[in-house]
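Trainee: I'm new to this one. Could you walk me through how to read it?

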Amino acid sequence: MIWKQRRLATGTALLVMAVAAIRVLASADNARHVINNPGGGEIVYMLSNDKTTLPDAMYSVLHEVHGYFGERPQIGRFFQTKGSNSVATFFTVTDKKRNDKHVAGLAIVSALDDKQTFSAVIYDEAGHFPISANPMLKRLNEVWQPMSKTTAPARRAAPTGEEVHREAPTQPLHRASIPDDSATISLPSGWQVLPSSGAGAVHAVGPNGEYVNLGVLFQGIYDTRNPRARGMIQYLELGHNPYIICQYGGDLVNAYKSVIQQYRRNQHLPAASIEVLNAQPTQGNQYETVAVLILARLDTHDGKGPMIASIRAGAMKLGPQGQWAMAVNGVGVPDKMAEEEWPTMRAIVKSYAQNGRVIQHQTDVIIAEINRSAQAARDRAKIVSDSNDRRNAAIDQTRDDQSRNSKVFQNYQFDRTVVQDNETGEHGTIGYRFADTLVKSDPNRYEYVQPSEFVLGKDY
């Protein structure tokens, strides 16, 4: 993956920044030196006396990266630093030989003269490379500068821990109070837990604009390819209700950006500027189908300025109604304070834990309330249905009485009556004189049918 460029301090003003993460490199022979950076990552460098071109030297470096990690590195564009005969490229790779962690780094080659070439690689784990890259380049530059002034091969030993850049210390953390006790977290002094925290989520801000948003769940995301989802969206639009739409199963990085922007729109907040610096797939939990780690430069235009944000987003399974959910955990620090604050942010994230008992109780309460609401709705529906049944029955009875009375009046007008044959049970409407003859001739078999005993469909 090619990273967006960001300043890296290298004594020769070495370019821009690319962010990614890896674990380790190097076998050591007499010409190769390794610096294990206490602040994270490693530096590997060597001075070659073989006459070679910069492209060939870069090929050799990338070939060694390939061999060490067991996977061909994915490289970005090649760039050259001003005023030097150097070329460099960012790369990402997966450590297939060890732990399958995603790794990123920077490969550099420089011609010191016609016979000597300086080669170096710096790398670190995926979310930490943006933090450790500058210190590693500063240390590398301390080695590079003396080499660029001599033609003799350098034979410096790896520096001790006191000689290399040390990671900023973690600030002391203190247990913070969450309104509903659904989660626990420890924060430095001066941080504030926001009232929106609860239901397992924690939103907190620091005195310099730092923030943590952990346990966030965006629910009810509609996939417009689903007919039921489209129908629900039409219903929401009729009521002018806000909603979020996003295709399920697509690029999760773009899905995250889309969901965030729509959420901010629904909250009447300005659109955020999101510059993705790196993205790597990660293992999802039991509720997720896919997850991704994102490193981004984020500006919500709230006056606090750009932030370096580390975000984990996970997509949850699509439901039968065409809805899905996205779980998001994110931390951010001001761009200029990233190196200083990042160790503390990692410690804050490690201290975070959800209280399963409280969340389960809250879930049970919600489910019980849903069930009560559903039962109340069913009860109201039954009352309405019974009332409608009674009203319809009364209407039907009235119509039946009207039809029967109308038939009686017709029979009277046309001198007819209804007679029943007791042997067969059949009814017949016949002239009154003929009916009178039948009944009188055999009263046990024939009898008159009273209007109240008329049969619907036969007698009227």
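**A strand and its neighbours**

Mentor: Strands here are DSSP runs of E, at least two residues long, and helices are runs of H or I, at least four, numbered from the N terminus. Keep in mind that this is a predicted model, where local features need pLDDT of at least 70, side-chain atom pairs count only at pLDDT 80 or more, and totals for chains, interfaces and linings use all residues. Residues are numbered from 1 along each chain as its sequence is written, and side-chain values use heavy atoms, with hydrogens and water left out.

Trainee: In what sense do S2 and S6 pair, and over how many bridges?

Mentor: Strands of a sheet pair through backbone hydrogen bonds, either parallel or antiparallel. Two strands count as paired if DSSP finds at least two bridges between them. S2 and S6 (residues 117-125) run antiparallel, over 7 bridges.

Trainee: What does S2 form with S1?

Mentor: A hairpin, with 5 residues between the two strands. S1 (residues 32-36) pairs with S2 in the antiparallel sense over 5 bridges, and Asn36 stands opposite Glu42. In the turn, Gly40 has a positive phi of about 115°.

Trainee: Why is S2 largely enclosed?

Mentor: Buried means under 20% relative accessible area (exposed is over 50%, partly exposed in between; 1.4 Å probe, protein chains only). In S2 (residues 42-48), 6 of the 7 residues are buried, so the strand is largely enclosed by the rest of the structure.

Trainee: In what order do the strands of the sheet come?

Mentor: The 6 strands of this open sheet follow the order S1-S2-S6-S5-S4-S3, with antiparallel pairing. S1 and S3 (74-75) are the edge strands, each pairing on one side only. Helix H1 (residues 54-69) packs on the sheet and touches S1, S3, S4 (86-94), S5 (102-111) and S6. Touching goes by contact, meaning heavy atoms within 4.5 Å.

Trainee: And H4: which of its residues are buried?

Mentor: Among them are Leu252, Val253, Tyr256 and Ile260. Their cover includes S11 (211-222) and S13 (273-282). Just after H4 (residues 252-266), His268 takes a positive phi of about 60°.

Trainee: How many helices and strands does the chain have?

Mentor: There are 7 helices and 20 strands, and buried residues make up 43% of the 460 residues.

Key. Expected span 1.5 Å × (residues − 1). Axes fitted to C-alpha atoms, helices over the stretch in contact; angles between N-to-C directions.
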